[in-house]
Amino acid sequence: MHTQTTTPLPLDAPHWWGYAALPDGVDYPMNGDDNPLTLICQFHHGDGMLSLFADLDYYLGDYDAPAGPMGRWPANFYRVIWSPSRHGLNEHKICYPDGTSAVPPAEPLDAPRQRSEVSHVWGEAEYFTDEVAQDYPGYRVLMQLDENDHLPLRFYDCGSLFFLIPEADAAANRFDRVVCVLYSY
């Protein structure tokens with residue numbers, strides 16, 4: 001796979017999946033094997049943009065790819081990029097060598113297929129509420145991603161992937177302190 005930078009995106013492009021809009025000078029995030037991480041979602045935060053990435057190939061059906069473990073994921077399995085401004089963003093396409101897209105197609109954050117799931121951003125956990133609160137007191141759910149038949153996306157048995165941030169760090173826009181955690185029944 002390779003990445004390519006294309007034209008600037010419109011400022012109003014929050015979405016699940018698809019291609020990422022990253023600030024000038026920011027490289028597309030890669031895993032420890034130098035493969036691109038999958039953009040899960042990007043959304044507005046104040047005047048800026050938050051983009052959340054994870055190494056999801058295994059959970060999207062590539063069973064030869066490495067899988068993030070149950071519990072807290074190592075830092076090379078995920079990344080959060082925050083741009084304090086939505087100016088100077090460039091779309092980064094992830095394509096196979098033949099030029100076809102290597103990522104699930106983009107869907108608006110309020111897409112009907114996503115609303116039927118409980119995946120959400122900047123919200124409270126719908127599942128694993130007790131486990132998250134017990135394991136990560138004082139953290140806020142930045143994003144919860146649940147299994148999705150449409151993709152298909154599977155986290156073992158009824159799993160959810162969480163991006164969590166300490167409340168104080170969320171207030172200070174310290175997105176380098178986010179942790180990624182996988183829960184499953």
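1. Strand 6 (residues 71-72) is joined to strand 13 by two bridges, and the two run antiparallel. Within this pairing, Gly71 has Leu182 of strand 13 as its bridge partner. Strands here are DSSP runs (E, at least two residues) numbered from the N terminus, and two strands pair if DSSP finds at least two bridges between them.

2. The model is predicted: local features need pLDDT of at least 70, side-chain atom pairs count only at pLDDT 80 or more, and totals for chains, interfaces and linings use all residues. Residues are numbered from 1 along each chain as its sequence is written, and side-chain values use heavy atoms, with hydrogens and water left out.

3. Strand 13 also pairs with strand 12 (residues 160-166), in the antiparallel sense and over five bridges. Here Leu161 stands opposite Leu182 in strand 13.

4. How many of the five residues of strand 13 (residues 179-183) are buried? Five of the five are buried, so strand 13 is largely enclosed by the rest of the structure. Buried means under 20% relative accessible area, exposed means over 50%, and partly exposed lies in between (1.4 Å probe, protein chains only). Both faces of the strand are covered, with Val179, Val181 and Tyr183 buried on one side and Cys180 and Leu182 buried on the other.

5. A five-stranded open sheet has the order 7-5-4-2-9, with antiparallel pairing. Its edge strands are strand 7 (78-83) and strand 9 (107-108), each of which pairs on one side only. Inside this order, strand 2 (residues 15-16) and strand 4 (residues 38-45) run antiparallel and are joined by two bridges; Trp16 has Cys41 in strand 4 as its bridge partner.

6. Glu107 belongs to strand 9. Is this residue buried or exposed? Glu107 is buried, with a relative accessible area of 7%. Its C-alpha atom is separated by 7.4 Å from that of Gly18, although Glu107 and Gly18 are 89 residues apart along the chain.

7. Two salt bridges are found in a search of the whole structure. The term requires a side-chain nitrogen of Lys or Arg within 4 Å of a carboxyl oxygen of Asp or Glu. Arg177 is partly exposed at 39% relative accessible area, whereas Asp169 is buried at 12%.

8. The other salt bridge joins Asp176 to Arg174, with the closest N and O atoms 2.6 Å apart. Asp176 is exposed, its relative accessible area being 55%, while Arg174 is partly exposed at 31%.

Conventions. Helices (H or I, at least four residues) and strands (E, at least two) are DSSP runs, numbered from the N terminus.
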